[in-house]
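Q: Hi, could you walk me through this one? I'd like to go feature by feature.

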Amino acid sequence: MDTIKDYVQKNKGRFLNELIDLLKIPSVSADSAYSQDVIDTANAVKESLEKAGCDFVEICDTPGYPIVYGEKMIDPALPTVLVYGHYDVQPPDPIELWTSPPFEPVIKKTELHPEGAIFARGACDDKGQMYMHVKALEYMVQTNNLPCNVKFMIEGEEEVGSASLSWFVERNQEKLKNDVILISDTGMISNTQPSITTGLRGLSYVEVEVTGPNRDLHSGLYGGAVANPINVLAKMIASLHDENNHITIPGFYDKVEELSDAERAEMAKAPFSLENYKKALDLNDIYGEKGYTTNERNSIRPTLDVNGIWGGYTGEGAKTVIASKAFAKISMRLVPNQDWHEITELFTKHFESIAPAGVTVKVKPHHGGQGYVTPIDSIGYQAAAKAYNESFGVQPIPVRSGGSIPIVALFEKELKSKTILMGFGLDSDAIHSPNEHFGVFNYLKGIETIPLFYKYFVELSK
């Protein structure tokens, strides 16, 4: 362990500068205005893998953005680790809420990060965490400590549903053949208490459109006489939860996995301060489904949230109109056993059925994915636990995440491999929000810890 620590400290400045250069490229996959930047980032990732020691690296074309594939094969008889990550990032909006430009990375000290944190879009999700694996490979190759084969599959569409990744995986199963998949696109409890994510929620993402009159109308001449799509949409959305914040879509909970009291008691052992949680978010109280704790609500229970809503006039000043249309984007986080295709159908049927006369409703599915649970008795999990324990000096706690990485279930289906989620971010890193950041400690600690996973995975596989 001293060797890897020495290597990281010796190269700390270079590791940070390389990541900063990568973060400067605005690889926003959701906005076609950034398409060349996304391509440029793929090329930068390819170059970094070549420099780190991969013997073979290629840019693989897909129906969408390319996938960067690389490998270092030292002995076919040894286990193979497949590293997955993504080089695309979320849109930076709203720009005005950033304290520094989202694509001009800066290192600033914070209360949680006295050593500093890198502020930039993609710092934690997922460029910083993906790049830890590149630098871990560099260390293992440079010091002749790579104990097995390694493959990299880094995509550019994770933030928009990974449609091309599914296409690629289905057509390249032999190329991607592996013994375990390693992903760092999750977080941990704190810098003193590591954790390993053992469960992810699934996702169904839809856009709804409510149409009333065939044009915007004068609210004085027509108000009260025709249905206002914005008013109607607000009422329809409000009806999707009852007084206990239970989702009202018929059949929504039919296949929800119910954890036992013993399993819920194990989850409750994870350190958590409700007061600190509220303070960090400037909340005077929490909110959610009755009968469940905060940590249960955001991990083992399904949810329905409006991610955006618009219609009518939103410019400066007043314009008295009844809008012709109103829109909303809605996401549903799903738990194991809920099929996202089925939930999307249930939502569509229900939402159309509650539309009043005077409006028409369209539901447009965007993307989704299945939930995932990995067993803690697997060799991969045990290797990760040993790696964290040696690196941090503390036994990691298994936790379930509220987030979704839809391709994890796809990997198990197509590649027949278990996925280990070794995240090093914190809940406070503001991923998908203004002022996203990633602690310098976390970035370097990830580089220190990842080689230990390889070591223990090979030892436990014998």
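Q: What should I know about the model before we start?

A: This is a predicted model, in which local features need pLDDT of at least 70 and side-chain atom pairs count only at pLDDT 80 or more, while totals for chains, interfaces and linings use all residues. Residues are numbered from 1 along each chain as its sequence is written, and side-chain values use heavy atoms, with hydrogens and water left out.

Q: Good. How many salt bridges are found in the whole structure?

A: The search finds 21, a salt bridge being a side-chain nitrogen of Lys or Arg within 4 Å of a carboxyl oxygen of Asp or Glu.

Q: Which residue does glutamate 18 form a salt bridge with?

A: Arginine 14, with the closest N and O atoms 3.0 Å apart. Helices here are DSSP runs (H or I, at least four residues), strands are E runs of at least two, and both are numbered from the N terminus.

Q: Is glutamate 18 buried, exposed or partly exposed?

A: Glutamate 18 counts as partly exposed, at 22% relative accessibility. Arginine 14 is partly exposed as well, with 32%. The cut-offs are under 20% relative accessible area for buried and over 50% for exposed, with partly exposed in between (1.4 Å probe, protein chains only).

Q: And what about glutamate 275 and lysine 278?

A: Their side chains meet in a salt bridge at 3.2 Å, N to O. Both sit in helix α9 (residues 274-281), three residues apart, about one turn of the helix. Glutamate 275 is exposed, with a relative accessible area of 51%, whereas lysine 278 is buried, with 12%. Elsewhere, salt bridges that share partners join Arg14, Glu18, Lys135 and Glu138 into one network.

Q: Changing topic: how do α2 and α4 cross?

A: The axes of helix α2 (residues 12-23) and helix α4 (residues 127-142) come within 11 Å and cross at roughly 135°. That makes α2 oblique to α4. Axes are lines fitted to C-alpha atoms, for helices over the stretch in contact, and angles run from 0 to 180 degrees between N-to-C directions. Angles under 35 degrees count as roughly parallel, over 145 as roughly antiparallel, 65 to 115 as roughly perpendicular and the rest as oblique.

Q: And α5 with α13, at what angle do they pack?

A: α5 and helix α13 (residues 407-415) pack at about 15°, with their axes 10 Å apart. That makes α5 roughly parallel to α13.

Q: Now the backbone. Where are the cis peptide bonds you'd point out?

A: One joins aspartate 93 and proline 94, with omega about -5°. Proline 94 belongs to the loop between β3 (80-86) and β4 (106-108). Another runs from aspartate 125 to aspartate 126, with omega near 5°, and aspartate 126 is in the loop between β5 (117-119) and α4.

Q: Why point those out?

A: Because most peptide bonds are trans, and most residues other than glycine have a negative phi.

Q: Which phi does serine 162 have, positive or negative?

A: Positive, about 60°, although serine 162 is not a glycine. Serine 162 lies in the loop between β6 (149-155) and α5 (163-171) and is buried, with a relative accessible area of 3%. Alanine 430 also has a positive phi of about 60°, but alanine 430 counts as partly exposed, at 21% relative accessibility.
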